[in-house]
Amino acid sequence: MDKANEIRREKGFVDVVNLARDFDVEVVSVSRPFENYNAQITYDKGTKKYVMHVNEAHSVERQRFSIAHELGHLALHNKQLAQLGKLERSGASETEREADEFAAQLLMPEQGVRDYLTTVGIDPKCTIDVSVVKRLANQFRVSKQVAIIRLRELGFYVPFIQFA
Ligand SMILES: [Zn+2]
């Protein structure tokens, strides 16, 4: 994660596309507006190359999470990926959960979140309200839903928030 930290220091948020490229993963956009398709990383044994397809029909925030999730598979499930060329689409929920966890940590690292709250003068012991969630989501370029889940994981108190 050193590279991720380095990028974050420069830009304030992690550039997941550049991070993927640093790991020699080619990132390719595909447009599938009517499918429940986020992204998929594959490995070609012949060329020994990783390719990640990402659904460009989704919002930038969702694409960033999808890319971070697939990077999680690369980091955590590379053995299966290298052997089979891809992971089962209906993979074990444990595998998917691990990749989601990795993505959340990559996009919203604990120290980064705490530093940001301190910088903007928010007392972390107070209730996190809508405006704070929005600012955090903006800062880290994630969806508000991802920001809320991550904040709760980190032990912050976020009451029920209706965004619709
Ligand atoms: Zn997955």
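A residue counts as buried if 20 or more other C-beta atoms lie within 10 Å of its own, as exposed if 12 or fewer do, and as partly exposed in between. By that rule, 27% of the 164 residues in this predicted model are buried.

**Whole chain.** Start with everything shown as a cartoon. The protein has eight helices and three strands, and along the sequence they follow the pattern α-α-β-β-β-α-α-α-α-α-α. The radius of gyration is 17 Å, close to the 15 Å that the globule rule gives for 164 residues, so the protein is as compact as a globular protein of that length. Turn the model along its principal axes: the C-alpha atoms fill a box of roughly 55 × 35 × 25 Å. Of the contacts between residues at least 6 apart in sequence, 62% join residues at least 24 apart.

**Helix 3.** Next select residues 60–76, which form helix 3. Its 17 residues should span 24 Å at 1.5 Å a residue, and the end C-alpha atoms are 24 Å apart, which agrees. Now colour the buried residues of helix 3, among them Phe65, Ile67, His69 and Leu71.

**Lysine 48.** Move to the loop between strand 2 (39–44) and strand 3 (49–55), where lysine 48 lies. Lysine 48 has a positive phi of about 60°, although it is not a glycine. Is lysine 48 buried or exposed? Lysine 48 has 9 other C-beta atoms within 10 Å, so it is exposed.

**Arginine 141.** Finish in the loop between helix 7 (130–140) and helix 8 (144–153), which holds arginine 141. Arginine 141 is not a glycine, yet its phi is positive, at about 55°. With 19 C-beta neighbours inside 10 Å, arginine 141 counts as partly exposed.

Notes
Residues numbered from 1 in each chain as written. Predicted model: local features only at pLDDT ≥ 70, side-chain atom pairs only at ≥ 80, totals over all residues. Helix = DSSP H or I, 4+ residues; strand = E, 2+ residues; numbered from the N terminus. Expected span 1.5 Å × (residues − 1). Rg over C-alpha atoms; globule rule 2.2 N^0.38 Å. Contact = placed C-beta atoms within 7 Å.
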